[in-house]
Amino acid sequence: MSDSQYGVVAVVGRPNVGKSTLVNRLVGARICITASRPQTTRHRVLGVLTDGAFQVAFVDTPGIHGHEKKQLNRALNRAAASALADVDLVLFVVGVGRWEDDDALVCRRVRESGLPVIGVVNQVDRVRDRKRILPFLDEFSHRLPLEAIVPLSARTGENVDALWGEIRARIPKGPHAFEDDMLTDRSERFLAAELVREQLVRRLGEELPYALAVEIERFVERDDGRVDIDARIWVERESQKAIVIGAGGTRLKEIGTAARQAMQRLFDTGVNLQLWVKVRPGWSDDTRAVRQFGYDDP
């Protein structure tokens, strides 16, 4: 249609500022995993929203961070930086009231991209006196040229409509790139792995923040529509394996139950999920392992 709009929007920021929660809110579906731990997002994930003649693809990215001690960290930063290529608009997400060194790193990369930027100040629901936000908004607006700045809460949805207005005004005219019913470019196999990892991060983020990876070894749809999934959880040490399994296997069972329920909601069908835990020493600093687990994809 001649009046159609289509654009690609990169959602960037340091770790743990709510980028994935915001993408889920904007798309209207839970395509990105979330947890209150840094580096929960490890891949670029595309979320697509189509509303009549308007279509936008949001690129959720790993948090850009200054510590690149291991191959995994370097791969995550490459994935986040590459998201700034071939996009029409950037949403630069920061947490309200806190400007950190990694925010400055993101700011520098966004400025160097030369792309139009909307500043998003997330987590305003955590601030009782909203007047306290004003100085931070002013500070943010002076750090780099912004098309607009929007304070909001991705968690509650507060003021997300205002962000939508700013986004719509900056999406170019052009034909849609995806079918109207498409929500993400990621496969069900990928989403299943992420839902397992989400439960691991939520339950073990303090104990094993970076040692966990998930690989789907089998994904088979039965004739009746149900899905059989076998997933391998990778850790770096035997002691970590014991933590994941828990006493008598109770923790692994809890993780499997929660992940299976999430998959059933997402896939809208019954799921039979089997989990195993295996040790691969030092995988997060092993280039081959990082690639095998999909953390060095373009």
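This briefing covers the sheets, helices and nonpolar cores of one protein model. The model is predicted. Its secondary structure comes to nine helices and nine strands. Of the 298 residues of the protein, 51% count as buried. Among contacts with a separation of 6 or more, 72% join residues 24 or more positions apart.

**Overall surface**

- The protein exposes about 13,900 Å².

**The six-stranded sheet**

- Six strands make up an open sheet with mixed pairing, in the order β2-β3-β1-β4-β5-β6.
- Its edge strands are β2 (45-51) and β6 (148-151), each of which pairs on one side only.
- On average, neighbouring strands of this sheet are turned by 20° against each other, direction ignored.
- Strand β5 (residues 117-122) runs parallel to β6, and four bridges join the two.

- Strand β2 pairs with strand β3 (residues 54-60) in the antiparallel sense, over seven bridges.
- The bridge partner of V48 is A57 in β3.
- The two strands form a hairpin with two residues between them.
- In the turn of this hairpin, G52 has a positive phi of about 65°.
- Although β2 is an edge strand, six of its seven residues are buried.

**The three-stranded sheet**

- Three strands make up an open sheet in the order β7-β8-β9, again with mixed pairing.
- The edge strands here are β7 (213-221) and β9 (271-279), and each pairs on one side only.
- The twist averages 15° from one strand to the next.
- Strand β8 (residues 227-235) pairs with β9 in the parallel sense over nine bridges.
- One of the residue pairs is V235 with its bridge partner V279 in β9.
- Helix α6 (residues 188-204) packs on this sheet, touching β7, β8 and β9, and its direction makes about 135° with that of β7.
- Helix α8 (residues 250-267) also lies across β7, β8 and β9, running at about 135° to β9.

**Nonpolar cores**

- The largest nonpolar core has 59 residues.
- F58 and L91 are the residues with the most contacts inside this core.
- Helix α6 gives the largest share of the core, eight residues.
- A second, separate core has 27 residues, including A57, V87, L115 and F140.
- Leaving aside neighbours within four places in sequence, the contacts of L91 include V9, A10, V11 and V12.
- Further contacts of L91 are L22, L26, F58, I118, V120, L163 and I167.

**Helix α1 and L26**

- Helix α1 (residues 19-27) holds L26.
- The helix is mostly covered, with seven of its nine residues buried.
- The buried residues of α1 are K19, S20, L22, V23, N24, L26 and V27.
- The elements that cover them include β1 (5-12), β2, β3, β4, β5 and α5 (160-168).
- Why does L26 count as buried? L26 has a relative accessibility of 3%, and buried means under 20%.
- Beyond its neighbours within four places in sequence, L26 is in contact with L49, F58, L91, V160, L163 and W164.
- How far apart are L26 and W164 in sequence and in space? L26 and W164 are 138 residues apart in sequence and 8.0 Å apart in space, C-alpha to C-alpha.
- F58 and L91, the residues with the most contacts inside the largest core, are among the contacts of L26.
- Just after α1, G28 takes a positive phi of about 80°.

Key:
Residues are numbered from 1 along each chain as its sequence is written. This is a predicted model: local features need pLDDT of at least 70, side-chain atom pairs count only at pLDDT 80 or more; totals for chains, interfaces and linings use all residues. Side-chain values use heavy atoms; hydrogens and water are left out. Two strands pair if DSSP finds at least two bridges between them. Axes are lines fitted to C-alpha atoms, for helices over the stretch in contact, and angles run from 0 to 180 degrees between N-to-C directions. Contact means heavy atoms within 4.5 Å. A nonpolar core is a set of buried Ala, Val, Leu, Ile, Met, Phe, Trp, Tyr and Cys residues joined through side-chain atoms within 4.5 Å. Buried means under 20% relative accessible area, exposed over 50%, partly exposed in between (1.4 Å probe, protein chains only). Accessible areas come from the Shrake-Rupley method with a 1.4 Å probe; for residues, only the protein chains shown count as cover.
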